[in-house]
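Visitor: I have a chain open here and would like to walk through it. Can you take questions as I go?
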Amino acid sequence: MTRRIATLCLAAGLALGAGAAHANPFDAGPIADFMNIFRTQAIPRETIAWKGKEKPGTIVVSTSQRRLFYVLGGGEAVRYGVGVGREGFSWSGEKSVTMKKEWPSWRPPSQMLARRPDLPRFMVGGQDNPLGARAMYLGSSLYRIHGSNEPETMGAAVSSGCIRMTNKDVVDLYDRVRVGTKVIVRN
């Protein structure tokens, strides 16, 4: 059954031209988005009661809880498990989403390359890319809320300051968020 679904997805993706952008249609694009639906969640997403004063549409990240909240209004928010900055890379403050990208390519910043000269200088978007399925860029900073090809890092402090989500969750959040969305990061 799984093979049949994969074959149908491949055929549909090729018919829609998804194969032209990437060598492997399972790596990025609509087929990869579809396949991400079936991946297990390390920390399940859920709608919870929200007592904060933030306006609907605001993102609140609690680095100590390792959770991201998308405020829905009406006393509710969607809670996601996230990976946050490791010791020395954690931060707090307010930013806004200034850009959004699907299956973004990645160029490690010079600060990261100085610490990790073994990293590639450029990676095309796809399942193996550290930015995952979606990225929301935060102001003029180097930080992003982005997907991850390492779902086991959700709930951990492992990044260089970015907020990591599973690819399944980042696609859900990406579809809710608009450019200009307020992002509040708290310890």
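Visitor: How many helices and strands does the chain have?
Guide: This is a predicted model. The chain has five helices and eleven strands.

Visitor: What share of the residues is buried?
Guide: Of the 187 residues in the chain, 43% are buried.

Visitor: And which residues have the most contacts inside the largest nonpolar core?
Guide: They are Ile59, Leu68, Met136, Ile145, Met165 and Leu173, in a core of 26 residues.

Visitor: Which elements give two or more residues to this core?
Guide: Helix 5 does, along with strand 2 (59-62), strand 3 (67-73), strand 4 (76-81), strand 7 (134-138), strand 10 (163-166) and strand 11 (182-186). Helix 5 contributes the most, with four residues.

Visitor: What is Leu173 in contact with, leaving aside neighbours within four places in sequence?
Guide: Leu173 is in contact with Ile59, Leu68, Tyr70, Tyr80, Met136, Ile145 and Met165.

Visitor: Different topic. Where does Asn167 lie?
Guide: Asn167 is in helix 5, which covers residues 167-176.

Visitor: Buried or exposed, and why?
Guide: Asn167 counts as buried because its relative accessibility is 6%, and the cut-off for buried is under 20%.

Visitor: What lies 3.4 Å from a polar atom of its side chain?
Guide: The backbone nitrogen of Ser148 lies 3.4 Å from a polar side-chain atom of Asn167.

Technical notes
Residues numbered from 1 in each chain as written. Predicted model: local features only at pLDDT ≥ 70, side-chain atom pairs only at ≥ 80, totals over all residues. Heavy atoms only, no water. Buried < 20%, exposed > 50% of the residue type's maximum accessible area, 1.4 Å probe, protein only. Polar contact = N/O pair within 3.5 Å; in protein donor to acceptor, adjacent residues only side chain to side chain. Core = buried A, V, L, I, M, F, W, Y, C linked by side-chain atoms within 4.5 Å. Contact = heavy atoms within 4.5 Å.
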